[in-house]
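The structure is shown first.

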Amino acid sequence: MDGVLEDTICAIATPAGEGGIGIIRISGPGTLSVAEKIVRLRSGLLLSTVSSHTLHLADILPPELPSLCDPPATQLIRPDRDVIDEALVVLMKGPRSFTAEDVVEIHCHAGHVVLRLVCEACLTAGARLAEPGEFTKRAFLNGRLDLSQAEAVLDTIRAKSEAGLKIAQRHLRGDLGRQVERLRTRFVRLLAQVEAGIDFAEEDIAFVGREELRSALDETGHEIRTMLETSQRGVRLREGARVVISGRPNVGKSSLLNTLLGADRAIVTDIPGTTRDVIEESVVWDGLLITLVDTAGLRDTVDIVEQAGIKRAHSAMEQGDLVLHVLDATELNELDLSQTCSLPARHMSLVVINKSDLVDTDRITHLFRLAEEGTGCKVLVISVRTGVGIDELRESIRTYLLPASLESTGSMMITNVRHRQALERAETSIQEALASVRNGVEPEFVAIDLRGASDALGEVTGAITSDEVLNQIFSEFCIGK
Ligand SMILES: Nc1nc2c(ncn2[C@@H]2O[C@H](COP(=O)(O)OP(=O)(O)O)[C@@H](O)[C@H]2O)c(=O)[nH]1
Ligand SMILES: [Mg+2]
């Protein structure tokens with residue numbers, strides 16, 4: 001990565017296509033020199049002399065070819081070249097910019113040709129095309145953002161729901177980074193004390209008592225576990241959740257999908273085996289993106305197409321965050337129930353008894369009890385036809401996926417698998433350190449675990465990181481971000 005920050009980079013920062021405004025971004029030590037070759041302010045001033053963070057109307061022109069004689073500084077752009085576009089131009093002088101470097105943004109009209117020509121003009125003027133995520137990477141390398149904040153930039157762009165956006169914004173403000181950094185500092189200090197104790201072992205000075213060490217480890221371990229507990233929900237908020245509707249043919253799965261979507265998406269008939277493929281559609285409930293998945297009815301069949309559909313249904317269930325096992329109240333029997341119980345319990349399940357409009361209340365109560373005892377799952381009785389129980393089902397799905405509201409989470413929410421894995425490693429190191437302390441193991445070994453914990457925490461913020469990890473993170477970004 002050495003030397004990378006010496007380049008001046010440029011890219012189209014807005015999405016491809018036609019639109020009102022398209023932005024070209026330039027960043028790096030040579031930003032002004034690049035910009036002044038192509039930007040002619042209508043005020044006649046030079047860009048380098050205007051106040052930072054102010055907008056100026058300008059004409060954008062291709063730069064002079066270097067072979068021509070160097071014009072005097074006030075006439076960097078010769079008047080006889082064709083203007084590419086008129087634009088608003090802003091200079092943001094480092095370090096008060098996104099990358100902490102000098103940045104110029106050219107706000108021109110968003111058309112393929114305009115943006116390409118302006119970008120090419122920047123390249124001819126001495127900039128190089130930015131790599132994916134390179135602006136954000138520079139913000140990180142220049143200390144403007146920690147790694148968790150840089151990742152939150154991407155989460156903000158990719159947010160699939162309001163709730164996901166809300167968390168991304170918290171992370172972008174640095175809340176997560178600060179909490180993790182506070183923990184890491186604590187380990188670094190403990191480590192220093194333990195190591196000092198090792199160095200001065202002969203003088204028999206205890207720099208940190210075992211009891212003190214133990215309680216510090218207990219406390220930090222608890223804090224990390226609390227963060228980890230939020231991660232399942234957090235990752236779901238970031239990526240959305242899959243709810244798979246499964247059950248035997250004709251129990252009303254497709255009808256339920258349509259009702260939950262509020263749209264006629266899947267074909268409903270009274271012919272068993274109508275749905276042969278997996279049908280997916282997304283909805284947003286209370287800020288959570290939910291993908292509802294309708295599947296082929298599960299039964300033994302000789303029909304090859306249906307068999308293939310059933311196979312897909314099983315794999316959809318494997319990948320679901322929540323499975324709704326739909327049963328038909330008119331046909332429900334002990335066998336159905338026991339089969340539902342024997343389905344893989346790897347994921348969360350709700351048992352939904354449909355067509356309650358066709359059976360009497362006593363029968364329903366009986367079935368309800370039977371199902372609840374038999375499956376150990378939450379059981380809901382509904383009728384897609386009359387709408388009974390649908391609101392309750394919707395509410396149950398929501399609470400299953402997001403058991404507590406966002407606001408009630410005192411600790412930061414972990415939404416990123418990379419963060420979760422780093423915290424898990426930290427937690428393992430803490431447990432090992434605790435065991436060593438309890439068993440009176442040599443401080444040298446405790447020190448190794450303390451270092452392991454602080455390094456793992458450092459990976460979250462990027463205090464400790466490798467080029468490989470950085471490249472992987474930033475390669476997910478688009479060019480221009
Ligand atoms: N009486 C009644 N019929 C229903 C209900 N839900 C679905 N059905 C009917 O059951 C049949 C099968 O429904 P469908 O959604 O295609 O079932 P799937 O095979 O599980 O997808 C259709 O004729 C539906 O109209 C319900 O709550 N009450
Ligand atoms: Mg169906």
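Axes here are lines fitted to C-alpha atoms, for helices over the stretch in contact, and angles run from 0 to 180 degrees between N-to-C directions. The model is predicted.

## Helices H5 and H8

Helix H5 (residues 162–172) packs against helix H8 (residues 231–239) with the axes 7 Å apart and at an angle of about 115°. Angles of 65 to 115 degrees count as roughly perpendicular, so H5 is roughly perpendicular to H8. The crossing of this pair, H5 and H8, is left-handed.

On the H5 side, the contact is made by Ala-163, Gly-164 and Ile-167; on the H8 side, by Gly-234, Leu-237 and Arg-238. By class, the contact residues of H5 with H8 are three nonpolar, two polar and one charged.

## Helices H7 and H14

Helix H7 (residues 210–229) and helix H14 (residues 417–438) form another packed pair, with an angle of about 155° and axes 9 Å apart. Angles over 145 degrees count as roughly antiparallel, and H7 and H14 are therefore roughly antiparallel to each other. The crossing of H7 and H14 is left-handed.

Residues of H7 in this contact include Leu-213, Leu-217, Ile-224 and Leu-228, while those of H14 include Leu-423, Ile-430, Leu-434 and Val-437. Charged residues also take part, among them Arg-210, Arg-214 and Arg-225 of H7 and Arg-420, Glu-424 and Glu-427 of H14. The contact of H7 with H14 has eleven nonpolar, three polar and six charged residues.

## The six-stranded sheet

An open sheet of six strands has the order S9-S10-S8-S11-S12-S13, with mixed pairing. Strand S9 (279–285) and strand S13 (378–381) are at the edges; each has a single partner strand, so one side of each is left without a neighbour in the sheet. On average, and with direction ignored, neighbouring strands of the sheet are turned by 25° against each other.

Strand S8 (residues 241–247) and strand S10 (residues 288–294) run parallel and are joined by five bridges. Arg-242 has Thr-291 of S10 as its bridge partner.

## Helices across the sheet

Helix H9 (residues 253–261) runs at about 155° to S10 and lies across S8, S9, S10, strand S11 (322–328) and strand S12 (348–354). Helix H10 (residues 304–319) lies across S8, S10 and S11, at about 140° to S8.

## Domains

The domain assignment divides the protein chain into domain 1 (4–130), domain 2 (152–230 + 412–475) and domain 3 (236–406). Taken over C-alpha atoms, the centres of domain 1 and domain 2 are separated by 43 Å.

Key:
Residues are numbered from 1 along each chain as its sequence is written. Chains are lettered from A and ligands numbered from 1 in the order in which they are written. This is a predicted model: local features need pLDDT of at least 70, side-chain atom pairs count only at pLDDT 80 or more; totals for chains, interfaces and linings use all residues. Helices (H or I, at least four residues) and strands (E, at least two) are DSSP runs, numbered from the N terminus. Angles under 35 degrees count as roughly parallel, over 145 as roughly antiparallel, 65 to 115 as roughly perpendicular and the rest as oblique. A crossing is left-handed if the near helix is turned anticlockwise from the far one by less than a right angle, and right-handed if clockwise. Two residues are in contact if their C-beta atoms, placed from the backbone, lie within 7 Å. Two strands pair if DSSP finds at least two bridges between them. Domain bounds come from an automatic or database domain assignment.
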